Amino acid sequence: MKKLILASASPRRRELLEQIGAVFQVCPSQGEEVITGTYPGDVVMELSGQKGQEVFDRIEGDVCVIGADTVVAIDHAILGKPADEQEAIAMLQRLQGRIHEVYTGVTILCREQGNAQRKSFYEKTTVEFYPVSSEEIHAYVKTGEPLDKAGAYGIQGKSAVFVKRIEGDYNNVVGLPVARVYQEAKEMGIDIKEWHK
């Protein structure tokens, strides 16, 4: 019996896969993340690969695992999840009134009848914020929403009021470029809507 596994605890990624009708299980990666690259696209592919591979190696039999990782990049710096409120405030102050990029890396690993396939890619979306006051930033951080999100904001949440425009895939900013995932999987001969628990 084939299984589709999402190697992420992110509720946003889960919702996006559910949205397209995928039937899957959630099995978050437990491995340590190690970054060797500096370009955001390479970093998210590397991290998505580590997450996906760790789960893939734990599961026996026919399986398809999707690993994903998202970062925000501005001024050649990568912004992951903030460690605390102060770091979240600093990130948002850096993003306000400016353009930044959101990168999500995805790795798809599949095993069927002993044959294994692996594919990694990333999607980039450009986001521009309106100017945001210090008071607005502090009030937003106090909601707690930014603390588990790359770049300290969730475009699908309360920070939607900060977003002036985006160029690219909106779902990529949420955490999973689900249309690209579907298309890349299809090129591998996998229809992720047809996989069953």
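This is a predicted model: local features need pLDDT of at least 70, side-chain atom pairs count only at pLDDT 80 or more; totals for chains, interfaces and linings use all residues.
**View 1. Helix H3 packs with helix H4.** Helices (DSSP runs of H or I, at least four residues) and strands (runs of E, at least two) are numbered from the N terminus. Helix H3, residues 85-95, and helix H4, residues 134-142, pack at an angle of about 140°, and their axes are 10 Å apart. Here axes are lines fitted to C-alpha atoms, for helices over the stretch in contact, and angles run from 0 to 180 degrees between N-to-C directions. H3 and H4 are therefore oblique to each other, given that angles under 35 degrees count as roughly parallel, over 145 as roughly antiparallel, 65 to 115 as roughly perpendicular and the rest as oblique. In contact, which means heavy atoms within 4.5 Å, Glu85, Ala88, Ile89, Leu92 and Gln93 of H3 meet Ser134, Ile137, His138, Tyr140, Val141 and Lys142 of H4.

**View 2. The buried residues of H3.** Ala88, Ile89, Met91, Leu92 and Leu95 are the buried residues of H3, where buried means under 20% relative accessible area, exposed over 50% and partly exposed in between, with a 1.4 Å probe and protein chains only. Seen down the axis of H3, these buried residues fall within an arc of 165°, so they line one face of the helix; the arc is that of the directions from the helix axis to the C-beta atoms. What covers the buried residues of H3 includes E3, strand E4 (77-79), strand E5 (99-112), strand E6 (115-129) and H4.

**View 3. The buried residues of H1.** In helix H1, residues 11-19, the buried residues are Arg12, Arg13, Leu16 and Leu17. Seen down the axis of H1, they fall within an arc of 135°, so they line one face of the helix. The buried residues of H1 pack against strand E1 (3-6), strand E3 (63-74), helix H5 (170-174) and helix H6 (178-187).

**View 4. Two loop residues with positive phi.** Most residues other than glycine have a negative phi. His76, which lies in the loop between E3 and E4, has a positive phi of about 65° although it is not a glycine, and at 86% relative accessibility His76 counts as exposed.

**View 5. Ala160 and its surroundings.** Ala160 has its place in the loop between H4 and strand E7 (163-167), and at 40% relative accessibility Ala160 counts as partly exposed. Not counting residues up to four places away in sequence, Ala160 touches Gly154 and Ile155. The C-alpha atoms of Ala160 and Asp75 are separated by 22 Å, with the two residues 85 apart along the chain.

**View 6. Asp57 in helix H2.** Asp57 is found in helix H2, residues 40-58, and counts as exposed at 54% relative accessibility. Between the C-alpha atoms of Asp57 and Gly41, 16 residues apart along the chain, the separation is 24 Å.

Conventions
Residues are numbered from 1 along each chain as its sequence is written. Side-chain values use heavy atoms; hydrogens and water are left out.
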